[in-house]
Amino acid sequence: MDCLFCEIVKGGIPSTKVYEDETVLAFKDIKPMAPVHIIVIPKEHIAESAAGINSENSAIIAHIFEIIAKIAKEQELDNGFRVITNSGEDAAQTVNHIHFHILGGKKLPEKLA
Ligand code: 5GP
Ligand code: ZN
């Protein structure tokens, strides 16, 4: 399967890592939309998007949100941050390996869409 984020996990495509453990990887987005823009992924290709979260794989999603809180502290996003997961075509998802954007470091626009 051709998956960009699986390639990043394997190291075939370089990335600037900000966090890694056995199951989760976080790295800087290549086209940052805010001063802090980090992508957090499960290393395993457990789902294409949030539409694929179920009772079998939701424990890692819970773990990802613990890591998001940890990264936000490390990145000093004490004034707030946004977590986004684009799911499917209407959300303009471009990489079909479930992932969470952490955006912060500035006052983000109020409108989400
Ligand atoms: P999506 O639009 O699917 O929610 O988000 C995919 C994100 O992956 C985009 O923000 C895009 O900039 C980022 N991205 C795409 N290719 C690469 C890459 O090769 N390296 C990194 N670090 N980020 C990438
Ligand atoms: Zn993948």
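Which polar atom lies 3.0 Å from the backbone nitrogen of Met33? In this predicted model, the atom belongs to the side chain of His37. A polar contact is taken as a pair of N or O atoms within 3.5 Å; within protein, one must be able to donate a hydrogen and the other to accept it, and residues adjacent in sequence count only if both atoms are side-chain atoms.

Residues are numbered from 1 along each chain as its sequence is written, and chains are lettered from A and ligands numbered from 1 in the order in which they are written. Because the model is predicted, local features need pLDDT of at least 70 and side-chain atom pairs count only at pLDDT 80 or more, while totals for chains, interfaces and linings use all residues; side-chain values use heavy atoms, with hydrogens and water left out.

The strands form an open sheet of five members in the order β1-β2-β3-β5-β4, with antiparallel pairing. Helices (H or I, at least four residues) and strands (E, at least two) are DSSP runs, numbered from the N terminus, and two strands pair if DSSP finds at least two bridges between them. The edges of the sheet are β1 (17-20) and β4 (81-84), each of which pairs on one side only. On average, neighbouring strands of the sheet are turned by 20° against each other, direction ignored. Axes are lines fitted to C-alpha atoms, for helices over the stretch in contact, and angles run from 0 to 180 degrees between N-to-C directions.

Strands β1 and β2 form a hairpin with three residues between them. Three bridges join β1 to β2 (residues 24-28) in the antiparallel sense. Within this pair, Tyr19 stands opposite Ala26 and Glu20 stands opposite Leu25. Four of the five residues of β2 are buried, so the strand is largely enclosed by the rest of the structure. Buried means under 20% relative accessible area, exposed over 50%, and partly exposed in between (1.4 Å probe, protein chains only).

Strand β5 is joined to β3 by five antiparallel bridges and to β4 by four, also antiparallel. His37 stands opposite Leu103 of β5, and Val83 has Ile102 of β5 as its bridge partner. Five of the five residues of β5 are buried, so this strand is largely enclosed by the rest of the structure. Both of its faces are covered, with Phe100, Ile102 and Gly104 buried on one side and His101 and Leu103 buried on the other.

His37, in β3, is buried, with a relative accessible area of 5%. Leaving aside neighbours within four places in sequence, the contacts of His37 (heavy atoms within 4.5 Å) include Phe27, Lys28, Pro32, His101 and Leu103. Leu103, in β5, counts as buried at 9% relative accessibility. Not counting residues up to four places away in sequence, Leu103 touches Met33, Ala34, Val36, His37, Phe81, Arg82, Ile84 and Leu108. Leu103 and Met33 are 70 residues apart along the chain, and their C-alpha atoms are separated by 7.5 Å.

Helix α2 (residues 58-74) lies across β1, β2, β3 (36-42), β4 and β5 (100-104), and runs at about 155° to β3. Ala59, in this helix, counts as exposed at 59% relative accessibility. The C-alpha atoms of Ala59 and Pro14 are separated by 27 Å, the two residues being 45 residues apart along the chain.

Two loop residues were also examined. Asp21 is found in the loop between β1 and β2. Asp21 is buried yet has no salt bridge, and the nearest side chain of opposite charge, Lys43, is 5.8 Å away. A salt bridge is a side-chain nitrogen of Lys or Arg within 4 Å of a carboxyl oxygen of Asp or Glu; for charge, Lys and Arg count as positive and Asp and Glu as negative, whereas His and the chain ends are not counted. The side chain of Asp21 makes a polar contact with the side chain of Tyr19 (2.7 Å). Beyond four places in sequence, Asp21 touches Lys43, His63 and Ile67. Glu44, in the loop between β3 and α2, is exposed, with a relative accessible area of 60%. Glu44 and Thr23 are 21 residues apart in sequence and 7.1 Å apart in space, C-alpha to C-alpha.
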